[in-house]
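Try each task yourself before reading its solution.

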Amino acid sequence: MAQQLTKRYSHLMHSIPSNSSIEYPINPWIPLWWSAAFPGYGHCMINYPLIGYSLIIFEFTVNNLAKINQAIYFSMIGNFQGAMDVIDLRFFYLYIGVYVFTMFDSYRRCVDMNNNYVLSYRTTTLTKTTKASSFSINTLNKVSPITATYWEMIMPGLGSLYLNHLISFFFSVVTWTITIGFSRFYVGLYYTCIGDFEKAKTVIDPQWYLFIPSIYGGYVYFAYSQAVITNFQFKLSQSQFLCSEYQSAAFIMPLAPAEEGEFMYIVASFEHSTAIELALTELEQTGIQKSDMFALPLRIRNKNKKLFDNAHYSDGVSFIDLSTIMGSILMLVGGIYGFVLKQGPVLWALYGLVSGGVLGFLIKWLVIKKLPSLDLFGRTRPTEVVMMIRCSSEDDERIKDILWHNKALGVTEYNPIN
């Protein structure tokens, strides 16, 4: 019996009714950082939830047994003897090896995932976007990253529920409830609100309280990044569908086909600039006739530039990543030194969260501002002119090089013979 052929590389998206795993290229330093902030988070962000949840449970268990957060607290306020007295060496050395391994492993797996994404992208032609059962329906739709972030900030887990990541929702709610309960954060928040800062310092447990900056920042970043990735995959899967179903060879193209020899179309998009005319004249100098070129200016909808991705606009340039990293770092520092400062750990943690978020945003804004291919806010420039060129298949690469050289925003090809 003939062996059934199988594909070597996975699809870009795998769905079950309660969750979706989407392959997406990620900077390996991002999961490495979140693994350093809280072991397990980096693995969750690169679609290894089982490993991630296991490491998160390990972090909660061994960190509390070794009293590592308590030792960090004493060390940061200069009480080194207190740090040595409180830490349990039996579990401390066990913790070190796993902690370092999580950073190494999340980085390594992210590199492998990025390579697999490239191979999957090249071999995947269609992506199934709906998975239904009697338990639930999971459909890939465009979502709002800001909405996901908002609900995650209100209550960790709600952003994941908005994205239909049900397993992540339950795990987030359980871990957040346990952390809040043992740290007595809300009790400290109450006393802070009524101005009793000394009472707030005494009721909060530093060992559990120091988990909050890392897990809160990780929850928020995960919700935002997964929303952006979902929108990216929606656009990609829709592009695959349109190419498969709505590129009929019977469609009458605006440029009549050549009478002899193979031909194809090159389609490019531009913004209004002299680069368009430079591209057209350069094409003419290479032998392309004016009758084989078709330029169509578009009427562009006027709207203000956006600083954040939304359901209908995701370009992969995130202002949230560095903001959540800086926010979690300064929230941790504020939460530690707040125990010895006047206004207590809750307010100083909030000060750190806000100042770190703003600082991260400004740093990212200044960096992206200098990128020549993006506008002031890091967004790709809008398509204002569509150009179509009819050419032989032998000339397609040369023509595409000319278009790219003259600042085309996007270039693709269409061969009606294939």
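**Exercise 1. Find which residues ring pairs link into a cluster with Trp 176.**

Solution. This is a predicted model, so look up the rings in it as you go. Ring pairs join Trp 176 with Phe 38, Tyr 41, Phe 60, Phe 182, Trp 208, Phe 211, Tyr 216 and Tyr 219 in a cluster. For context, the whole structure holds 25 aromatic pairs. Now take one of them: the ring centres of Phe 38 and Tyr 41 are 5.2 Å apart, with an angle of 40° between the planes. Planes under 30 degrees apart would be stacked and those over 60 edge-to-face, so a pair in between is tilted. Phe 38 and Tyr 41 are therefore a tilted pair.

**Exercise 2. Classify the aromatic pair of Tyr 95 and Tyr 99, and say how exposed Tyr 99 is.**

Solution. Next, look at the positions along helix H6: Tyr 95 and Tyr 99 are 4 residues apart, so about one helical turn separates them. Then turn to accessibility, where buried means under 20%. Tyr 95 has 9% and is buried, whereas Tyr 99 has 24% and is partly exposed.

**Exercise 3. Describe the lining of the second largest pocket.**

Solution. Begin with the volume, which is about 490 Å³. Of the 24 lining residues, those closest to the centre are Ala 36, Ile 68, Asn 69, Ile 72 and Tyr 99. Now see which helices contribute: H1, H3, H4, H6 and H15 each supply at least two residues, and H6 gives the most, with 5. Last, sort the lining by type: 19 residues are nonpolar, 4 are polar and 1 is charged.

**Exercise 4. Which residue lies over the face of Tyr 48?**

Solution. Look for a charge above the ring: Arg 109 lies over the face of Tyr 48, at 4.7 Å from the ring centre.

**Exercise 5. Work out how strand S7 pairs with strands S5 and S6.**

Solution. Locate S7 at residues 385-391, where 6 of the 7 residues are buried. Compare S5 (residues 264-270): S5 and S7 run antiparallel, paired over 7 bridges, and Ile 266 has Ile 389 in S7 as its bridge partner. Then take S6 (residues 293-297), which pairs with S7 over 5 bridges, again antiparallel. Here Ala 295 stands opposite Met 387 in S7.

How values were computed: Residues are numbered from 1 along each chain as its sequence is written. This is a predicted model: local features need pLDDT of at least 70, side-chain atom pairs count only at pLDDT 80 or more; totals for chains, interfaces and linings use all residues. Side-chain values use heavy atoms; hydrogens and water are left out. On a 1 Å grid over the protein atoms alone, a cavity is a set of points where a 1.4 Å probe fits but cannot get out, and a pocket is an open set with protein on both sides within 12 Å along at least five of seven lines; lining residues have an atom within 4 Å of a point. Grid points are joined across faces, edges and corners, and a volume is the space filled by probe spheres set on the points. Ala, Val, Leu, Ile, Met, Phe, Trp, Tyr, Cys and Pro count as nonpolar, Asp, Glu, Lys and Arg as charged, and the others, Gly among them, as polar. Rings of Phe, Tyr and Trp (its six-membered ring) pair if their centres lie within 6.5 Å; planes under 30 degrees apart count as stacked, over 60 as edge-to-face and the rest as tilted. Buried means under 20% relative accessible area, exposed over 50%, partly exposed in between (1.4 Å probe, protein chains only). A charge sits over a ring if NZ of Lys or CZ of Arg is within 6 Å of the ring centre and within 35 degrees of the ring normal. Two strands pair if DSSP finds at least two bridges between them.
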